[in-house]
Amino acid sequence: MPADLVTGNHAAGYALSVAAEANRGARGAACGIYPITPQTEIVEYVASFPFTKTRVVPVESEHSAMGVSIGASLAGARAFTASSSNGIAYMVENIMVAGFYRLPIIMVAVNRTLGPPWNIWADQGDTLMLRDFPWIQFYCEDNQEVLDTTLLAFRLGEDRRILLPVLVAMDAFILSHTQMGTELPEQGVIDRYLPPLDLPHRMRHEDPTTLGGLVWPNVAMSLRLEIDEAMSRVPEVFEESRSAFIEGLGRDPGDAVQALFTEDAEKVLVVSGTIATTAREVVRRRRADGERIGLVKIKMFRPFPESAVREACRSARKVGVLDRNYAAGVGGIFWQELRSVFQGAGDGLLIQDYLTGVGGGDVTPAMIDDVLADLEARSEAERPVWMGMGSPAGAG
Amino acid sequence: MVEIRIHGRGGQGGVTLAKIVATSRFLQGQSVQAFGLYAAERSGAPLQAFCRYDDAAIANRNLIYAPDHVVVLDPTLVGPGVASGLKPGGWILINTPEPPETFAEQFPHNRLATVDATSIARDNRLGTRSVPIVNTALAGAVGALLGIALQEIRAALEHLGFRGGNETAAGQAYERVRRAEALQRPPRGVTEATGSEAASSPFVATGRGPSFLEGAGGGLPGIRTGEWATQQPKRQQYVPPCNHVCPAGNDVQGFLHALARDDADEALAILLRTTPFPATCGRVCPAPCMDSCNRIELDGAVNVRQLERFAGDRGRAEVAVSRARPECVAVVGSGPAGLSAAYQLARLGYPVTVHEAGPQIGGLLRTGIPRFRLPEDVLDREVGRVLGLGVRMVTDHPIDRAGLLELSREFDAVLVATGLQELRGLRLGVGNSEAVEQGIDFLDRSHRDEVRVDGEDVVVVGGGNTAMDAARSALRLGANSVRVVYRRTRREMPAIREEIDEALEEGIPIDFLTQPVLLRPGGSGNGAPRSYRLTCRRMELGAPDASGRRRPVEVQDSDFEISCHRLILALGQSPDMSVFPEGTEVREGERLLGLLETPVFAVGDLATNEGTVAGAIGSGRRSALQIHAALNGEHLPITEHARARPDVEIRHDEVIRADAMRLHLFERQPVAEGAHVPPEVRRSTFDEIHMGLPDAGEAQRCLSCGVCNECDLCVTYCPEGVLKRVGHDLVFDSAYCKGCGVCVTECPRNVILMSHL
């Protein structure tokens with residue numbers, strides 16, 4: 001498989017393009033695109049790709065970008081887009097619509113701090129604010145994972161048992177603008193991996209109807225339940241898609257939850273995105289020194305992989321969650337999820353939140369050592385610790 | 001693992017250099033990363049890029065705080081920051097023609113290398129001469145220092161599609177890089193970076209920062225958009241071409257601007273600064289302003305002549321007069337030059353006496369221009385404007401050489417404005433035939449109702465306004481036929497274009513390239529006027545003569561005859577110098593010597609031979625200012641750019657041409673020509689034939705070239721809203737102007753430019 005030195009944006013643009021091209025034998029593909037730093041190179045890549053049967057529509061805003069993709073998807077085309085930060089905030093109404101319409105639209109999001117004040121660096125707050133929408137969400141730690149997960153997202157979202165949109169996120173600049181060696185699968189391989197899309201509820205011009213008109217509460221509630229049932233099938237279909245990926249591309253796109261050294265770990269760090277890479281190195285070093293420490297990387301955030309996380313933390317007494325995001329009035333959003341997973345699971349498990357790299361800061365090995373020192377010394381969980389802000393152990 | 005930091009400027013290709021080096025290792029199977037450190041950089045701002053490579057898979061998502069080596073793309077960036085966090089003993093590679101030892105004192109703990117990548121890039125035509133792209137050359141130098149084979153660098157360049165000059169440049173730098181390996185001072189036990197550099201990075205928090213809520217002096221610093229600016233606008237002003245060429249020195253653009261606001265009074269006031277004769281020039285001026293008008297490039301010149309007439313006819317304005325001065329000035333001649341000088345001197349407060357040889361005031365304005373072009377009441381009104389300032393007139397008072405000496409004793413200064421009194425003749429083989437007459441004399445007699453040409457065939461010789469006026473007057477005085485013969489072509493005719501058109505419309509043919517050579521008496525009888533035979537010769541145009549016009553050359557054996565009763569000569573005039581002492585050289589603005597202590601000046605056609613009313617007005621005004629300077633030592637400005645405002649920072653002496661205007665921002669509009677009396681009606685009357693403009697709307701066609709006319713497009717389009725009109729001033733708020741340049745591109749008349757801060 002050919003490899004090249006590409007940025008995360010390039011990897012994402014490539015994956016979106018070959019996936020779109022792979023539907024050329026069916027109803028083709030389309031997307032609305034609108035640029036925003038640091039995602040712009042994705043839409044530039046897509047806009048210059050020599051498609052056979054894909055319409056790329058430059059529009060005047062993110063809201064319309066998703067609007068075009070919704071229209072295309074409703075017509076049965078493979079649909080996708082990309083955005084970031086305040087662009088996602090502006091797109092929100094249509095992001096929600098895509099989910100409730102059960103449209104398997106794929107969005108690559110480059111995680112960037114929401115402003116003001118203006119900031120272009122990595123922070124997951126933009127995509128995590130979508131956490132209550134009917135979207136599957138993945139977080140990636142390198143450019144290969146961005147590419148692979150984007151491809152997998154099409155197979156997963158378009159599966160008849162799922163039919164939900166999928167978001168694939170990467171950290172701004174740390175991935176989006178960093179060149180890394182990445183395998184770029186050939187079109188023929190993708191043609192075999194992604195079956196043609198046949199959207200069951202697509203609109204047909206020979207029988208014009210409106211989809212999404214007024215429904216009574218009893219129907220609305222039923223539709224929510226239908227979404228919940230689809231979400232509950234995601235882990236199973238994800239595993240099938242992952243197996244097919246391994247079979248077809250000879251590479252593992254990564255488990256929904258990736259545990260390292262957790263079998264006997266007393267302390268476990270829960271991480272996501274590029275922090276996972278750095279934390280893994282720290283954990284490996286400390287393991288080599290005999291410390292009973294483990295790592296849990298959460299790749300799939302929605303639906304939240306409860307049982308896999310519970311399983312990975314089975315032997316832990318203390319869990320430290322590293323959050324590159326902040327939910328006002330709560331704390332880290334991954335930490336919030338962890339607490340709910342272990343709600344009522346028994347006494348003795350300490351789950352402490354560490355806000356690291358919020359606003360795009362560099363989460364260094366030294367900072368993770370500081371986190372572990374705090375976790376070691378702590379006898380009970382408290383409010384989230386703001387690393388680097390001069391709070392108790394987090395003097396960074 | 002090897003980590004490299006690159007210092008460059010936005011646009012220099014530092015990130016690409018990181019990618020080239022990384023690619024060369026990637027293609028050898030190593031694990032690599034290459035990235036830039038991005039912020040709100042714009043072209044030219046300092047920027048860092050990074051590259052790391054390792055045999056093992058790189059599991060590092062952090063920035064590089066302690067690089068192994070540093071590359072500097074731009075020698076102006078060499079400073080302490082270059083060595084920040086750099087590991088002792090690591091290379092510092094600098095793009096410079098200097099030897100590496102130059103930097104030894106500055107960077108004592110590091111190995112140093114230099115290469116003149118800029119010259120190499122220029123030699124290989126990489127980038128432009130002003131912005132050479134140096135990264136491919138530096139990639140070669142990096143390879144040489146870090147043990148990367150040249151063919152591996154070249155493989156990376158080829159992989160990335162950089163061929164040709166890039167590969168050559170890399171090879172040249174690989175060979176030419178100069179090294180200074182010995183460390184100036186061994187590092188004092190420091191072998192690893194301390195991490196202190198990370199602590200000073202904005203990507204690593206080390207405590208609480210400023211508050212969003214506290215104001216200045218503790219809170220988050222508010223950014224004024226002006227702080228981003230690298231350039232901001234300045235007001236500039238050019239000289240409009242109409243002002244530049246006006247022989248009278250009028251502020252043409254200024255009076256048009258007033259008329260565009262429908263303010264004829266203000267327009268007249270502006271004109272009266274430089275001329276007492278706007279209604280006159282508005283009828284008879286050849287209007288060189290219209291020939292130079294930039295609007296020609298769009299849809300035709302602004303009809304300045306008729307607008308000046310409009311201001312002169314419709315405006316009401318008082319003439320401002322300074323306090324009275326004791327020095328008395330004599331002016332000889334009451335033509336436009338003499339009256340212009342008298343007018344300006346009177347405005348300056350001098351008692352002025354004008355001596356006129358003839359019985360009436362006005363010189364050629366009175367005697368040489370027919371009433372159908374310049375009605376008598378118009379001239380009387382404008383002469384009255386001069387007299388109204390208290391100028392004393394002495395008519396029927398010719399001044400000869402002795403008289404001039406007398407005046408120079410009697411007055412504190414004398415101006416001689418006697419014009420062109422010597423008329424050019426033509427040798428036609430006859431003596432003082434009563435059939436031959438000078439055009440000037442014919443016009444004068446016509447003016448005094450002393451001539452009729454009923455039933456005659458009249459031939460006028462010449463191509464100037466006098467020829468046209470004489471021909472058209474003859475038509476009105478009962479001629480059977482009138483024709484003009486001229487030895488050059490229409491292109492060379494000095495007459496006003498419009499007057500030529502009007503003569504043709506009235507049925508006066510012009511024989512071009514025709515020279516009369518012989519006049520012989522023909523037959524006569526039965527009381528009819530005596531007939532003559534005029535032999536003419538065909539001409540062709542040869543090389544240009546001193547006037548710049550092509551000289552007419554006789555065509556062999558081309559003679560032909562015209563029958564006529566009267567021949568009027570309008571071949572030009574020359575000054576009569578007999579009033580001055582023998583050998584006097586006359587030049588405008590130069591005081592004539594040899595006439596006691598009194599300043600004596602020659603003005604108008606006598607000094608300039610320009611031959612236009614406007615030229616005479618300008619000469620008279622300039623000479624008046626020179627008299628004033630001679631008598632009172634005050635040098636008043638010759639040019640009138642009345643509206644150069646204090647907020648205009650840059651005043652160009654240069655004339656703005658059409659290509660400096662943004663003509664695409666203007667709509668095309670037809671020229672307002674004004675109405676004429678139809679030719680068949682006007683042929684028989686001396687009533688004025690042009691009826692003038694009904695309103696001043698034509699003034700709105702003025703583009704106001706190079707001079708702000710407060711159109712305020714800049715204010716409208718300023719995206720930051722930092723441009724304001726305060727009174728007549730344009731105010732830029734530099735604290736908030738980000739220097740985008742929209743005001744410059746939106747200004748139709750180029751009165752704003754961007755200035756680097």
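Three strands of chain B form an open sheet with mixed pairing, in the order 25-8-28. Its edge strands are strand 25 (650-655) and strand 28 (752-756) of chain B, each of which pairs on one side only. From one strand to the next, the twist averages 45°. That angle runs between N-to-C directions, on a scale from 0 to 180 degrees, and the axes are lines fitted to C-alpha atoms. Strands are DSSP runs of E with at least two residues, helices are runs of H or I with at least four, and both are numbered from the N terminus. Strands pair if DSSP finds at least two bridges between them.

This is a predicted model, in which local features need pLDDT of at least 70, side-chain atom pairs count only at pLDDT 80 or more, and totals for chains, interfaces and linings use all residues. Residues are numbered from 1 along each chain as its sequence is written, and chains are lettered from A and ligands numbered from 1 in the order in which they are written.

**Strand pairs**

| Pair | Sense | Bridges | Residues opposite |
|---|---|---|---|
| Strand 6 (136-139) and strand 7 (166-171), chain A | parallel | four | A:Q137 and A:L167 |
| Strand 6 and strand 12 (300-302), chain A | antiparallel | two | A:F138 and A:M300 |

**Strand 6 of chain A**

A:I136 and A:F138 point one way from this strand, A:Q137 and A:Y139 the other way. All are buried; that term requires 20 or more other C-beta atoms within 10 Å of the residue's own, with C-beta atoms placed from the backbone. Strand 6, helix 6 (residues 143-158) and strand 7 of chain A make a right-handed β-α-β unit. Right-handed means that, with the strands pointing away from the viewer, the path from the first strand over the helix to the second runs clockwise.

**Chain B and the cores**

Chain B has 24 helices and 28 strands. Of its 757 residues, 45% count as buried. Among its contacts between residues at least 6 apart in sequence, 72% join residues at least 24 apart. A contact puts two C-beta atoms within 7 Å.

The largest nonpolar core holds 180 residues. Such a core is a set of buried Ala, Val, Leu, Ile, Met, Phe, Trp, Tyr and Cys residues joined through C-beta atoms within 7 Å. B:L93, B:A137, B:L138, B:A141 and B:A173 touch the most other members. Helix 1 (residues 8-21) of chain A gives this core its largest share, eight residues. Another core, of 102 residues, lies apart from it and includes B:A341, B:V391, B:V613 and B:L730.

Beyond neighbours within four places in sequence, B:A137 is in contact with residues including B:V115, B:I120, B:A169 and B:Q172.

Terms used: Buried ≥ 20, exposed ≤ 12 C-beta atoms within 10 Å, placed from the backbone.
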